[in-house]
Amino acid sequence: PAGARKGSYETGQRTTMIQISETAAQKIKSLMAKRGLDEGGLRVGVKGGGCSGLSYTFGWEREPRFGDEVFEGPGGTKLFVDKKSYLFLQGTTLDYDSALLTQGFVFHNPNAKQTCGCGSSFGA
């Protein structure tokens with residue numbers, strides 16, 4: 001199932017997972033292939049800023065960093081999340097919206113107390 005593998009890269013601890021939808025997994029695989037990456041995953045994180053106080057961040061990496069939480073989704077796709085960002089993302093599902101006007105990765109984050117209209121910023 002989506003998000004079946006969960007835990008810390010550093011310690012192997014079990015934690016509340018971040019899930020990857022089938023649609024998001026397909027998009028991750030497609031974008032990795034376009035970048036010539038045959039291994040690695042998508043780094044997701046949280047940083048201060050945005051219209052609601054916190055913003056989501058994305059980046060491509062070949063391997064997790066020491067201390068990262070690593071989550072595996074459909075087709076072996078992986079998310080790498082630093083420990084600080086994980087505090088705001090635990091229990092989240094990463095999805096992909098393919099609608100023409102709103103196309104992009106979408107977080108269904110139960111920790112978000114408020115969100116903005118653009119969907120890339122939230123308050124916790």
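1. Basis. The model is predicted: local features need pLDDT of at least 70, side-chain atom pairs count only at pLDDT 80 or more, and totals for chains, interfaces and linings use all residues. Residues are numbered from 1 along each chain as its sequence is written, and side-chain values use heavy atoms, with hydrogens and water left out.

2. Overall make-up. The chain has two helices and nine strands. Helices (H or I, at least four residues) and strands (E, at least two) are DSSP runs, numbered from the N terminus. Read from the N terminus, the order is β-α-β-β-β-β-α-β-β-β-β.

3. Burial and surface. Of the 124 residues, 40% are buried. Buried means under 20% relative accessible area, exposed over 50%, and partly exposed in between, with a 1.4 Å probe and protein chains only. The accessible surface of the chain is about 6800 Å². Carbon and sulfur atoms hold 49% of that surface. These areas come from the Shrake-Rupley method with a 1.4 Å probe; for residues, only the protein chains shown count as cover.

4. Contacts along the chain. Contact means heavy atoms within 4.5 Å. Take contacts between residues at least 6 apart in sequence: 56% of them join residues at least 24 apart.

5. The sheet. Three strands form an open sheet in the order β1-β6-β7, with mixed pairing. β1 (19-20) and β7 are the edge strands, each with a single partner, so one side of each has no neighbour in the sheet. Two strands pair if DSSP finds at least two bridges between them. β6 and β7 are antiparallel, over five bridges.

6. The core. The largest nonpolar core has 20 residues. Such a core is a set of buried Ala, Val, Leu, Ile, Met, Phe, Trp, Tyr and Cys residues joined through side-chain atoms within 4.5 Å. Among those with the most contacts inside it are Ile18, Ile28, Val44 and Leu79. α1 (22-34), β2 (41-48), β3, β5 (78-81), α2 (83-89) and β6 (93-97) each give two or more residues. α1 gives the most, with four.

7. Ile28 and Thr77. Beyond its neighbours within four places in sequence, Ile28 contacts Ile20, Leu42, Trp60, Thr77, Leu79, Leu94 and Phe105. Thr77 sits in the loop between β4 (69-72) and β5. Thr77 is buried, at 4% relative accessible area. Residues up to four places away aside, Thr77 touches Ile20, Ala25, Ile28, Lys29, Phe71 and Glu72.

8. Aromatic pairs. There are five. Rings of Phe, Tyr and Trp (its six-membered ring) pair if their centres lie within 6.5 Å; planes under 30 degrees apart count as stacked, over 60 as edge-to-face and the rest as tilted. Tyr56 and Phe107 have ring centres 3.9 Å apart and planes at 15 degrees, so they are stacked. Tyr56 is in β3 (54-61) and Phe107 in β7 (104-108), so the pair ties together parts 51 residues apart in sequence. Tyr56 is buried at 11%, and Phe107 is buried at 11%. Tyr96 and Phe105 have centres 5.1 Å apart and planes at 75 degrees, so that pair is edge-to-face. Tyr96 is buried, at 12%. Tyr56, Phe58, Tyr96, Phe105 and Phe107 form one aromatic cluster.
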